[in-house]
Amino acid sequence: MSVNEVAWLEAEDTPPQRESTWRRLLASRSGQWGLILTGIVLGLALLSAIGATPYDPISQRPEDRLQGPSLAYLLGTDLFGRDVLSRSMAGVTSSLQVAVVAVFISAVLGTFFGVASGFYGNRVRGPLNALTNILFAFPPLLLALALASVATRNWFTVAVAIAIVYIPIFVRVTRAPVLSLRETDFIKAARVLGFSSNRILFRHVLPNILPIVIVQVTLSMSWAVLTAAALSYLGLGTPPPTPALGSMVFEAKNLAATAWWTMAAPGLVLIVFVVGLNLLGDGLRDALDPRNESNA
Amino acid sequence: MTEPLLQIEDLVVTLGARTGDHDIVHGISLRVQPGETLGVVGESGSGKTLTMLAVMRLLSPPLAMSRGSIRLEGEDLAALSESEMRGVRGRKVAMVYQDPMTSLNPLMRVGDQVIEAMTAHGVDDDEARRRALETMARVELPDPERTSRAYPHELSGGMRQRALIATALANDPTLLIADEPTTALDVTIQRQILALVKHLSDEFHMTTVWVTHDLGVIARLVDRVVVMYGGYIVEDAPVDQIFHAPQHPYTKRLLASLPNPADDSRPPLAQIPGRPPLPSESIEGCPFRPRCQEAIESCLTLPSLEPRLEGAVACWVPPERWG
């Protein structure tokens, strides 16, 4: 039979080209809002990182203490005359630093353990399962508290504490799809073609679970930001005078009746960021899920 | 007689279970000569696919090869290390799978998958790239340049099966095992794929083993047919003899169950009453005895595969005594 004949016979049932993940993310409501909200907060953090805050977030101006929002101080000043907007921007940066490092550590280690326990049979699975279950049994905040109080108190200790708590989540989330991937025809076909286990793992299994990891990273970021804020609220986070969203809320809690802006600003930034990350996670999950192809 | 390309001796495949081990393939022996096209026919559960997986050494627990030997070009496959065995899979022995819809990695371009089949066996990138396009042209994929950049979901079932065949043929294997490569395809595409594989194995002198449950599929493709039932080979004969003078009652019933719209004298879809034995069942004597209309007293003893006419058959009752 000729090539033309084949093309004619098979052209009809060629499925249409799939939309790109990015397009589908932009097309979904939660994807749009997620991008906008996280974009705003990340923009603030970026400005503060390059030193473009309206005022120095640390230097005190006692003559300007507890000013309400005005043109000079857009979000007012706190008890020590520090600009609340500048401090919130710097606070986001330090919270973000903790969250990014924490999620990076837990995503890399968690995915590694999850994939290993899913891909290599029972020998690795037993011990890894036990370890994961032990870590999983700790309330996240408690383990982070314990670690943060035992080790030297700086932002990295906090990040490590949060990372340890989130490792089991990545182990669980990646192990299950690897278990089912292992039994799929294309992984079996790869064995039939004489591919080594390492090649199958890195070239065929990992890329196929990457979407799941990406979504989990986004969602874990929002939890990590909250946990970091909770720890700094309890006085175990980034040490002063570096501003952190949690400690700013803590300092403002006695002023809430008289100087509401001192609490509203960091609280609002925190809420916007966490809601944004969650929406982005939802949007990504839908955009990356091939089953949602038609209703994007 | 030349040395067989593939020689299976007394192969036993065992299913390990807590309640005890069950043999699923009961000591079968099989030779495939170089250049020969062999059909292995049997119902689901007859052990045909397991036999082929044993050849690839891809049985995984609870399944294991518990006895016998498999030789490829005289070399005992059981003696090879795992990395030597990887050199056999995909290079000397290739396998085409049942389901083309799911046998390609959905995240890799089709061309890259054909290329990887070669680079994994040490072919350098440029050479693999060039040969991939050649191979894709050989399997009659339209416009190989363009198709190689497509993802599997952009191709139809028939094109995916061609792409899959391209990955299998990339390294010019000496033995191709085609395990029901057309069951997932519709009939017109099915015929094209069958014709393609036949054409390729003739042109490149590739020894081919067709594994199928459908005698009709392989009638015009193979030189010899091995009929399996319940983990035994019950008949092994040239294709003409299988179709015109079946020596085993099971072969005869299989042939009778082929739909033939032209023949009004038969029911449209004849079937063999009963069901194949479960791995856990032990049947005394011949495995087909409970479903066999010709069964006699001596069938309570297991018949061995004995030469008869041009082939061999494992049955106590010759056709002239069938009712």
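Two residues are said to be in contact if their C-beta atoms, placed from the backbone, lie within 7 Å. The structure described here is a predicted model, in which local features need pLDDT of at least 70 and side-chain atom pairs count only at pLDDT 80 or more, while totals for chains, interfaces and linings use all residues. Residues are numbered from 1 along each chain as its sequence is written, and chains are lettered from A and ligands numbered from 1 in the order in which they are written.

We begin where the two chains meet. In the model, 25 residues of chain A are in contact with 30 residues of chain B. On the side of chain A that touches chain B, the elements giving two or more residues are α1 (3-11), α8 (185-192) and α9 (197-233) of chain A. Helices (H or I, at least four residues) and strands (E, at least two) are DSSP runs, numbered from the N terminus. The residues on this side of chain A comprise 12 nonpolar, 7 polar and 6 charged; here Ala, Val, Leu, Ile, Met, Phe, Trp, Tyr, Cys and Pro count as nonpolar, Asp, Glu, Lys and Arg as charged, and the others, Gly among them, as polar.

Chain A itself has 11 helices and 0 strands. Of the contacts in chain A with a separation of 6 or more, 73% join residues 24 or more positions apart.

One pair of helices in chain A may be followed in detail. α9(A) packs against helix α10 (residues 245-252) of chain A at an angle of about 45°, and their axes are 6 Å apart. Axes are lines fitted to C-alpha atoms, for helices over the stretch in contact, and angles run from 0 to 180 degrees between N-to-C directions. α9(A) and α10(A) are therefore oblique to each other, since angles under 35 degrees count as roughly parallel, over 145 as roughly antiparallel, 65 to 115 as roughly perpendicular and the rest as oblique. The residues of this contact between α9(A) and α10(A) divide into 8 nonpolar, 3 polar and no charged.

Chain B contains an open sheet of 4 strands in the order β2-β1-β4-β5, with antiparallel pairing; two strands pair if DSSP finds at least two bridges between them. At the edges lie β2 (22-32) and β5 (75-76) of chain B, each pairing on one side only. Strand β4 (residues 63-72) of chain B pairs with β5(B) over 2 bridges, and Leu72(B) has Glu75(B) in β5(B) as its bridge partner. Helix α1 (residues 48-55) of chain B packs on the sheet and touches β1 (6-15), β2 and β4 of chain B.
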